[in-house]
Amino acid sequence: MPNMSLKKVPMPEQAADVRNKNFEEVAKGYTAEMAVEEATRCLNCKNKPCVGGCPVNVHIPDFIAKVATGEFEEAYRIITSTNGLPAVCGRVCPQESQCEGKCVRGIKGEPVGIGRLERFCADYHMANSSEKAEKPQSNGKKVAVVGAGPSGLTCAGDLAKKGYEVTVFEAFHTAGGVLVYGIPQFRLPKEIVAKEVKNLEDLGVEIKTNMIIGKTLSVDELFEMGYKAVFIGSGAGLPSFMGIEGEDLIGVYSANEYLTRTNLMKAYRDEYDTPIIKSKTVAVVGGGNVAMDAARCAKRLGAETVYIVYRRGLEEMPARKEEIHHAMEEGVIFRNLNNPVKIIGDENGRVKAMECVEMELGEPDDSGRRRPVVKENSNFTLDVDTVIMAIGTSPNPLIRSTTKGLETNRRGCLVVNEETMQTTREGVYAGGDAVTGAATVILAMGAGKQAAKAIDEYLGDK
Amino acid sequence: MYKIVKKRQLNENVVLMEIEAPFVAKKALAGQFIILRVDEYGERIPLTVADYDHEKGTVTIIFQIVGATTKLLSTLNEGDCLKDFAGPLGKATELDGVKKACVIGGGVGCAIAYPSAKALFNNGAQVDVIAGFRNKDIVILEEEFRAVSHNLYITTDDGSYGEKGFVTDKLKALIEAGNQYDLVLAIGPVPMMKFVSKTTEPYGIKTLVSLNPIMIDGSGMCGGCRVNVGGEIKFACVDGPDFDGHQVNFDELMRRNSAYKEQEAHSRENCRLYRKEAE
């Protein structure tokens with residue numbers, strides 16, 4: 001008899017007024033008892049709508065059935081047969097619009113906590129298993145992966161399991177991409193990313209850091225070096241700014257810079273040298289996950305007041321519900337239907353205020369969301385000393401400008417065959433933000449997976 | 001790890017290091033830069049390539065000790081290793097087709113001006129070099145510049161060596177004397193690059209400057225290095241670091257470069273080196 005509770009087993013969390021002052025993980029994870037209890041909420045229904053909602057097709061009801069019977073290692077094995085980074089996905093996937101969004105239990109009550117259970121299995125395995133992934137028999141074929149972010153790591157892992165000799169070229173000094181420079185420690189501990197990367201290395205994947213493809217080596221040189229196929233997962237690129245007055249002032253950051261200083265360079269820890277401005281009042285402009293991450297980092301770095309300034313309403317925010325909820329609990333103030341028009345500086349060129357206007361929602365635009373329209377004469381000023389722009393990015397130009405035969409669309413994203421992820425050049429595949437523009441970790445992983453399959457088919461008879 | 005194969009103190013505050021980095025060395029060209037990290041706790045800092053040896057696989061950097069990271073870097077010796085060294089980044093200086101150039105270096109900026117002078121000279125261009133310093137004690141690279149220029153002019157602010165005056169005085173005199181430069185390349189402190197650009201503007205001489213904004217990744221991701229060129233946002237790491245000096249908003253760059261001044265002064269006192277010494 002399934003557990004018919006309408007609510008998920010609650011996730012143990014650090015209290016909001018405690019966690020907004022530290023960088024430790026917010027959600028502490030289920031205990032074994034909690035996991036089993038939540039797993040029994042799954043009806044194990046025949047048509048498995050949840051699986052169709054997962055970009056990497058995790059066999060969800062199968063693994064949950066194993067959790068319900070306490071066979072946690074078996075559950076982990078089922079997850080990892082299609083998902084190379086379960087500890088990451090369990091934490092950062094937008095489950096509400098994917099697997100959990102399709103869950104039958106969600107029609108009346110809350111869906112099964114699929115993400116929480118996935119995380120539990122991954123954490124259980126990390127804590128209890130000393131089993132080391134073994135390098136499969138090599139097929140002697142070399143594949144190069146550009147970028148050690150979610151799409152690159154997934155592609156590398158899938159190919160390594162099939163016996164390919166995979167080298168990942170990473171521009172930064174650490175592997176992980178957005179998982180290390182973007183997503184903060186309190187949402188995804190870096191130790192977990194490092195373990196997932198270590199797993200891939202055990203599978204035989206070689207990771208070369210400080211290698212900027214397009215600069216240190218070109219894609220053509222990779223082929224000359226004997227790589228038979230190249231996967232480009234170079235990620236999102238340069239941050240966008242609004243083009244308003246005052247964005248050059250000291251105290252105006254892109255979210256990329258603010259998060260990189262905090263997460264990759266660990267500016268929040270005394271023993272690290274990278275500086276970050278000590279803010280009192282911060283305005284984060286934007287409504288996505290990146291905006292939530294920046295706002296919550298600012299709070300933890302000691303800011304007394306942190307605003308989210310977003311031109312549409314709460315309903316239209318693209319961020320995960322849980323992130324919005326957590327940010328609110330932690331005291332971030334949401335100023336929806338507000339839009340900046342000017343940033344004002346003091347005599348030293350430092351930010352002292354931001355002028356905004358109020359917005360209202362009009363007719364739906366191309367994205368289907370209602371278009372925000374300026375309310376006349378609604379200007380007002382927010383006193384802030386730091387402004388963080390989290391309004392998106394445009395793809396990195398380094399590879400497309402140095403590689404012949406790679407077509408890009410008008411936004412500068414690489415053009416690919418959506419089935420195989422092959423670019424307009426033979427043997428070169430791409431996925432993740434380099435193709436889609438800023439999107440989610442799991443979509444990037446899905447693309448890496450598709451590309452690995454296509455690369456295997458391409459090289460299979462070579 | 002990237003080994004320091006040579007270290008030389010050029011003056012009290014300026015150090016030269018030759019670093020073993022074969023992949024970077026193979027590609028490096030004049031005007032490009034690298035990003036380094038001294039150790040696990042260190043910042044990522046950009047330094048423009050001062051020289052490179054494609055065959056030997058080494059890249060030379062020359063830096064002035066100004067903050068915690070360069071101080072820490074200066075304590076390393078031959079045989080020690082840097083944790084990270086990535087590049088070459090940025091676009092190379094466009095020197096093709098230049099027939100007569102005036103290369104201007106200010107202080108430690110001479111280190112960055114040198115490879116461009118050398119490349120121009122090797123391309124067969126007529127090269128005049130103006131190297132400016134505050135005083136005699138900090139003159140660097142005199143011999144090196146002499147070898148890659150047709151005329152070398154050294155200026156010092158106090159007249160203790162070479163000609164007394166600023167590089168702009170000398171530049172103006174050379175232009176007035178009838179030298180027809182098709183390129184002026186100015187590399188040094190931001191005010192110097194600003195005034196060199198102002199000097200050449202009325203004559204309509206193409207003037208390139210090499211900008212040094214605050215940077216983290218150096219590969220087109222963080223946006224920290226944004227500069228205002230001709231009223232547009234440009235990113236020094238991928239669009240530069242060279243820009244048309246007549247279009248750059250130097251005042252904005254100067255202001256943005258002072259973002260962490262207070263914290264830097266503070267960190268010099270609390271820096272890991274001092275903590276280490278105290279142990």
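Is A:Lys7 buried or exposed? A:Lys7 is exposed, with a relative accessible area of 55%. The legends below describe close-up views of a predicted model.

**View 1. A salt bridge joins A:Glu110 and A:Lys7.** Their side chains meet with N and O 4.0 Å apart. A:Glu110 sits in the loop between helix H7 (99-102) and helix H8 (114-128) of chain A. A:Lys7 belongs to the segment before H1 of chain A, so the pair ties together parts that are 103 residues apart in sequence. A:Glu110 is partly exposed, at 29% relative accessible area. Over all chains, the count comes to 40 salt bridges.

**View 2. A:Glu38 and A:Arg41 form a salt bridge between buried residues.** The N to O distance is 2.9 Å. A:Glu38 has 0% relative accessibility and counts as buried. A:Arg41, at 1%, counts as buried too.

View 3. A:Arg119 is buried, with a relative accessible area of 5%. A:Asp123 counts as partly exposed, at 22%.

View 4. Just after H15(A), A:Gly331 takes a positive phi of about 95°.

**View 5. Salt bridges link up into a network in chain A.** Its members include A:Glu13, A:Arg19, A:Arg187, A:Asp293 and A:Arg296. A:Glu323, A:Glu329 and A:Glu330 are also among them.

**View 6. The largest cavity is lined by residues of chains A and B.** Rolling a probe the size of a water molecule over the atoms shows where empty space is left. The count comes to 7 cavities of 30 Å³ or more. The largest has a volume of about 150 Å³. Its lining has 17 residues. A:Glu257, B:Ile214, B:Gly224, B:Arg256 and B:Ala259 lie nearest its centre. Strand S6 (252-254) and helix H13 (255-264) of chain A each give two or more residues to the lining, as does helix H8 (250-257) of chain B. The largest share, 3 residues, comes from H8(B). By class, the lining has 10 nonpolar, 3 polar and 4 charged residues.

Key
Residues are numbered from 1 along each chain as its sequence is written. Chains are lettered from A and ligands numbered from 1 in the order in which they are written. This is a predicted model: local features need pLDDT of at least 70, side-chain atom pairs count only at pLDDT 80 or more; totals for chains, interfaces and linings use all residues. Side-chain values use heavy atoms; hydrogens and water are left out. On a 1 Å grid over the protein atoms alone, a cavity is a set of points where a 1.4 Å probe fits but cannot get out, and a pocket is an open set with protein on both sides within 12 Å along at least five of seven lines; lining residues have an atom within 4 Å of a point. Grid points are joined across faces, edges and corners, and a volume is the space filled by probe spheres set on the points. Helices (H or I, at least four residues) and strands (E, at least two) are DSSP runs, numbered from the N terminus. Ala, Val, Leu, Ile, Met, Phe, Trp, Tyr, Cys and Pro count as nonpolar, Asp, Glu, Lys and Arg as charged, and the others, Gly among them, as polar. Buried means under 20% relative accessible area, exposed over 50%, partly exposed in between (1.4 Å probe, protein chains only).
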